[in-house]
Amino acid sequence: MSGYELVVGLEIHAQLVTKTKAFCRCANRYGAEPNTLVCPVCLGTPGALPVFNREVVAQATRLAIALGADIHLHSRFDRKNYFYPDLPKGYQISQFDHPFSTGGHLSFIVNGSTKSINITRAHLEEDAGKSMHLADGSTIVDLNRCGVPLIEIVSEPEFRAAEEAGAYLSAMRELLRFIGVCDGNMDEGSLRCDANVSVRKIGEPEFRERCEMKNLNSIRSVERAIAAETKRQIAIYEQGGVIHRQTLQWNEQEERLIPMRVKEGSDDYRYFPEPDLPELRITQAFVDDIRASMPMLPEQLREKYSTTYKLNREAVYYLAIDIRISGYTDTLIETGSTAQSAAKWVMGPVTRSLNERGWSFDEFSRRVPAATLSGLIQKTDRGDITLGQANAVFKALIVKPEKSPDEIVAELGIEVMRDEVKLGAIISEIVSEHPEELAKFREGKTKMVGFFMGLVMQATKGQADAQLAKNVLMELLEAKE
Ligand SMILES: [Zn+2]
């Protein structure tokens, strides 16, 4: 890599979440029996006419707003002509020189710092079918995917490292999911990525010839393929060779690039305006309505969590990654929990229970609505019950969603030990049994407080009032000999 600089642009294809396909009423659904979600329009039967689906434009608008792009109130569909078995019409309806939106950017974190990549354009198009090559050499085709709405998001060639491309794709997937535009399932093909890769000598103003890499079906593949292609191009230049523009297919199993075909120029697609569809016109009022209905985006949420709520970086990222998690956390706070406690509970017991039980967040929040958990959190923060007891109540609550925290507290016979004399006796015994730890505390190791509190909770089976116990403990630790 020495002396060379990587230049990468990404094209992300995202299948839009809609009930029906882009130009017909067939269901837009993954996993159906092959060739069952088809009709004359998406099969390209002569005479069948496309009708544009309004849902598609709403989804594209949401994305364009989220990326801060310029939405064009007038855009146009074009035919992109090519022959391939998975495209029965012989052309794909796409947008060429009048795309839906231009500009915008996406910020993300890579290697601990923030990077922002500019977006060239986002245009609407339809997906093609899916060819499957069988072991006997024959190929079969499933046309259920024909006509599924796609948005293609083209970035500027601003990536300078493979990890940047991976981090951007990951952030884009997060955003698409957050605003409900695409489910982001790369292994089902609903989010796909191509990369245009070239290298040049550092300081060189011009771009050199690039190669296009297709079939990058995971974030790992994107990073691996770019790294492999960078190495290949540098090796060719170092041997005095030239790079010819070509399309390469990434083979995920073998982790290598396989040349596909010599890349045709865009002229070969013979783009021309789609004669069967009118120009796509939307109103500013339509855009404004959608803007008003948009949730707070991950970037804005992170700002709120760090500035207003003063949460640490780990919490800020964790809570803003999914709209259900952020929504739940916000409700905890709105119903009276402190932000710190809300974050602690969501990242701790809530997440653990999801992992242990395999529940989705929706399933969890149906069982334990935020308002219910908020009641338990406040009870704990007030010292009505200890943290250990609260955990026991929480565990009971998730399997008995019909009960309230109070009912479960009564059922479990939970009590808080608030007898200062009794607590004092227990704590002073603990302190006297640990002279070395006491000495360490007196040397300034304040961490020892946690050690002693752990023993206090152990001795009282988690029933000691934490605040009271801590006060008693501190008095003893700090007492003059
Ligand atoms: Zn159809």
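Modeller: A residue counts as buried under 20% relative accessible area, exposed over 50% and partly exposed in between, with a 1.4 Å probe and protein chains only. The model is predicted, so local features need pLDDT of at least 70 and side-chain atom pairs count only at pLDDT 80 or more, while totals for chains, interfaces and linings use all residues. Residues are numbered from 1 along each chain as its sequence is written, and side-chain values use heavy atoms, with hydrogens and water left out.

Biologist: Why does C42 count as buried?

Modeller: C42 has 5% relative accessibility, and this is under the 20% limit, so the residue is buried. C39 is at 18%, also under 20%, and therefore gets the label buried too.

Biologist: What makes C24, C26, C39 and C42 donors of the zinc ion?

Modeller: A donor is an N, O or S atom within 2.8 Å of the metal (3.2 Å for Na, K and Ca); water is not among the atoms, so sites may look incomplete. The SG atoms of these four cysteines lie 2.3 to 2.4 Å from the zinc ion, so they meet the 2.8 Å limit. Along the sequence the donor residues follow the spacing C-x1-C-x12-C-x2-C.

Biologist: Why is the site of the zinc ion called tetrahedral?

Modeller: Four donors count as tetrahedral if all angles lie between 85 and 135 degrees; four are square planar and six octahedral if opposite donors are over 155 degrees apart and all others between 65 and 115, and anything else is irregular. The angles among the four donor atoms here are 99 to 114°, so the site is tetrahedral.

Biologist: How do you know that β7 and β8 pair?

Modeller: Strands pair if DSSP finds at least two bridges between them. Strands (E, at least two residues) and helices (H or I, at least four) are DSSP runs, numbered from the N terminus. β7 (residues 105-110) and β8 have six bridges, so they pair, and they run antiparallel. One of the partners is S116 in β8, which is bridged to S107. Two residues separate these strands in the hairpin, where N111 has a positive phi near 45°.

Biologist: Why do β5 and β16 count as edges?

Modeller: The open sheet has three strands in the order β5-β4-β16, paired antiparallel. β5 (91-94) and β16 (272-273) each have a single partner strand, so one side of each has no neighbour in the sheet. Between β4 (residues 78-81) and β5 there are four bridges, including the one from R79 to I93.

Biologist: What makes F52 and F77 an aromatic pair that is tilted?

Modeller: Rings of Phe, Tyr and Trp (its six-membered ring) pair if their centres lie within 6.5 Å; planes under 30 degrees apart are stacked, over 60 edge-to-face and the rest tilted. By this rule there are 16 aromatic pairs. For F52 and F77 the centres are 5.2 Å apart and the planes at 55°, so the pair is tilted. F52 sits in the loop between α1 (40-43) and α2 (54-67), and F77 in the loop between β3 (74-75) and β4, 25 residues apart. F52, at 22%, is partly exposed, whereas F77, at 3%, is buried.

Biologist: What are the values for the rings of F451 and F452?

Modeller: Their centres are 5.3 Å apart and their planes at 75°, which is over 60 degrees, so the pair is edge-to-face. F451 is partly exposed at 31%, and F452 is buried at 0%.

Biologist: How do you know that K80 lies over the face of Y269?

Modeller: A charge sits over a ring if NZ of Lys or CZ of Arg is within 6 Å of the ring centre and within 35 degrees of the ring normal. K80 is 4.5 Å from the ring centre of Y269. R208 also lies over a ring face, that of Y237, at 4.3 Å.

Biologist: What is the phi of R270, and where is its place?

Modeller: R270 has a positive phi of about 40° although it is not a glycine, and it lies in the loop between β15 and β16. Most residues other than glycine have a negative phi. At 55%, over the 50% limit, R270 is therefore exposed.
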